Amino acid sequence: LTEANKVLTIEKITPQQASEARDIKAKSLFETGRFDDALLEFKAITKTAKNVTGAEAYYYIGKAQFNKRDYKEVEKTVAKLIGYEYSNDDWNNKGMLLLADAYMAKGDDADAQVILESLIENKPKQEYIDEANKRLTELRAKLQAAEAARLEAGNKEMKVEFNNQGKQEEDLFDKMYDDLEKQKQA
């Protein structure tokens, strides 16, 4: 970060050197958890880059937003990444995985599942298929656990309702018995 800042202050710097220094600075800020500062740098890169570096910057913007739990912005950024003229399949697939993570993080499991399944169907590089399958397996396990918990909770509720109903019937029977005893005594 320090060296990148030094390079950026040099007067006679080529546009290529400035671009590389800005990229290093942005990634350094990201890696040190300074997401707001990193966002500013990556956004500046997207405005000037006319190559795959811009796609990478969009991806890192999305990751910074994800780390800040700003999932709605992640969706917008991934859309920009996919539509970016200089993007490629690698960055688009990484963006889709990030989007699925954002959906899962905000509890939108159905959309996450659709994203992951469509990514797998498009047959990208094996590394992206493996990542998508890993996330899909985790998501399905989470959904199965939630369904089991829901069924278990439903069974407990039924028992409570049944037990309450049985108590009400017992109370009604006791009242009727008491009324009958009173009538016999009268």
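User: Why is A153 called partly exposed?

Analyst: This is a predicted model, in which local features need pLDDT of at least 70 and side-chain atom pairs count only at pLDDT 80 or more, while totals for chains, interfaces and linings use all residues. Residues are numbered from 1 along each chain as its sequence is written, and side-chain values use heavy atoms, with hydrogens and water left out. Buried means under 20% relative accessible area, exposed means over 50%, and partly exposed lies in between, with a 1.4 Å probe and protein chains only. A153 has a relative accessible area of 35%, so A153 is partly exposed.

User: Where is A153 placed, and how far is A153 from K106?

Analyst: A153 belongs to helix α8; helices are DSSP runs of H or I with at least four residues, strands are runs of E with at least two, and both are numbered from the N terminus. A153 and K106 are separated by 47 residues in sequence and by 23 Å in space, C-alpha to C-alpha.

User: How many helices and strands does the chain have?

Analyst: The chain has eight helices and zero strands. Along the sequence the pattern reads α-α-α-α-α-α-α-α.

User: What share of the chain counts as buried, and what is its accessible surface?

Analyst: Of the 186 residues, 32% count as buried. The accessible surface is about 12,400 Å², and 51% of that surface belongs to carbon and sulfur atoms. Such areas come from the Shrake-Rupley method with a 1.4 Å probe; for residues, only the protein chains shown count as cover.

User: Which residues have the most contacts inside the largest nonpolar core?

Analyst: A nonpolar core is a set of buried Ala, Val, Leu, Ile, Met, Phe, Trp, Tyr and Cys residues joined through side-chain atoms within 4.5 Å. The largest such core has 37 residues, and those with the most contacts inside it are F30, F42, I45, Y59, L81, L97 and L116. Helices α2 (15-31), α3 (35-48), α4 (52-67), α5 (71-83), α6 (89-105), α7 (109-121) and α8 (126-185) each supply at least two of its residues. The largest share, eight residues, comes from α6. In soluble globular proteins, nonpolar side chains tend to be buried together.

User: Why is D23 called buried, and which residues is D23 in contact with?

Analyst: D23 lies in helix α2. Its relative accessible area is 14%, so D23 is buried, the limit being under 20%. Contact means heavy atoms within 4.5 Å. Apart from neighbours within four places in sequence, D23 is in contact with I45, T53 and E56. I45, with residues up to four places away likewise not counted, touches R22, D23, A26, T53 and A57.

User: How do you know that L29 is buried?

Analyst: L29 has a relative accessible area of 3%, and therefore counts as buried. L29 is also placed in helix α2. Its contacts, leaving aside neighbours within four places in sequence, are L1, R34, D37, A38 and E41.

User: Why does R69 count as exposed?

Analyst: The relative accessibility of R69 is 66%, so R69 counts as exposed, the limit being over 50%. R69 sits in the loop between α4 and α5. Its phi is near 65 degrees, a positive value in a residue other than glycine.

User: What makes K123 exposed?

Analyst: K123 has a relative accessible area of 66%, so K123 is exposed. K123 is in the loop between α7 and α8, and its phi, near 50 degrees, is a positive value in a residue other than glycine.

User: Why is E117 called partly exposed?

Analyst: E117 has a relative accessible area of 26%, so E117 is partly exposed. This residue is found in helix α7. With residues up to four places away in sequence not counted, E117 touches L136 and R140.
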